[in-house]
Amino acid sequence: MKLSCLQENLSKGLSIVGRAVPSRTTMPILGNILLATDHGQLKLAATNLELSVVHWVGARVETDGALTVPARNFIDLINSLPPDQVDLTMDDQTLSLALNCGTVKASFRGISAEEFPVVPEPEQGDGFAVEAADLRAGLVQVTFAASTDESHPVLTGVLAEFEGSTLTLAAADGFRLSMRQIPLIHPVPTPFSVIIPARALSELMRIIGSQEEPVNISTTHPHNQILFKLTDTVLNSQLIDGNFPDVRRIIPATSRTRVVLGREEILQACKRAAIFARDVANIVTLSIESGEIVVSADSAESGQGSTRLMANVEGDGLEIAFNVRFLIDVFSALDTPQVALELNAPTNPGVVKAVGDDAFVHVVMPMHLGRR
């Protein structure tokens, strides 16, 4: 293998695939990154056996070949190089990679590419396309609600339901539920659902960035891996086995009180209340009356703070408490000017909706006021 590419392109590609390299592993090959020529480009790949990322970098290829090199050292060196041309040459006999960039010379001892795990790539024409902006918005509004408790593996994932022309994403951790519907560019012939690790979707969210081209989603038969194909990158993740809870049963069908107010205003009010809520299990109180809502927190140790906001209130007045971190998470994930709170009683779940966007719904369990 002999090729040349630009340092900035190689550095960007390594930042994309490098996150799939495990920090600790008993298999030395997983600590390496695969470098291989592929149809006149440089193909980079990394995997931890649960998550794999492949990225293609534009290159001038003189000789084809493939080799794996130690990820950490290779990435650190590439990032330290000046923005210049990088020449890479592989020695087939010693399985080493020589690097030249301006006045910098280096060599890396590699491991044969044949030992690198096979990373699936989507077949041409497979899968279902979704607009990148729609997928990005859906991931932002759902993945934060997934559980981090590994004792319940199913809840550490995001349910993805493909039906007709709609992809529905849902995540729940036992205290909150976030659900978002995303339009598919073309309908799926047969409905199906899978559970995707939230960690993989968080990585996908980072990789999508500002991409404008549609993202292609496909699964391997029989739905044990999912692949997301971007412009120059493919992310592949193992799926989670199990049955996701029937989340639609959690969503209240009606409400006695509906409050509409500015999203940014209540987000900032919650952030201020969070300062005083740190000492009281993050509990904040929402006191709702005609035309206004008061967001407050009271700590015997640090003091108390409150913010009064003008709001459009329909229905009964109410006082209800929530974990302020949950409120901050959902208000931060939305981008509509206004949000709606739909409530029934101090002990019943509350619903957050984005005004003007019926594709999103969030349910959050209340806290007990008596615990303050």
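By contact I mean heavy atoms within 4.5 Å. The model before us is predicted: local features need pLDDT of at least 70, side-chain atom pairs count only at pLDDT 80 or more, and totals for chains, interfaces and linings use all residues. Residues are numbered from 1 along each chain as its sequence is written, and side-chain values use heavy atoms, with hydrogens and water left out.

I begin with Arg263. This residue belongs to helix α5, residues 263-277; helices here are DSSP runs of H or I, at least four residues, numbered from the N terminus. Arg263 is buried, at 14% relative accessible area, where buried means under 20% with a 1.4 Å probe, protein chains only. Leaving aside residues up to four places away in sequence, Arg263 touches Phe331, Ser332, Leu334, Asp335, Thr336, Pro337, Gln338 and Val339.

I close with the cysteines. How many disulfides does the rule give? The count is zero, a disulfide being a pair of cysteine sulfur atoms within 2.5 Å. The sulfur of Cys5 has its closest cysteine sulfur in Cys101, 9.2 Å away, and therefore too far for a bond. Cys5 is buried at 4%, and Cys101 is buried at 1%.

Terms used
Helix = DSSP H or I, 4+ residues; strand = E, 2+ residues; numbered from the N terminus. Buried < 20%, exposed > 50% of the residue type's maximum accessible area, 1.4 Å probe, protein only.
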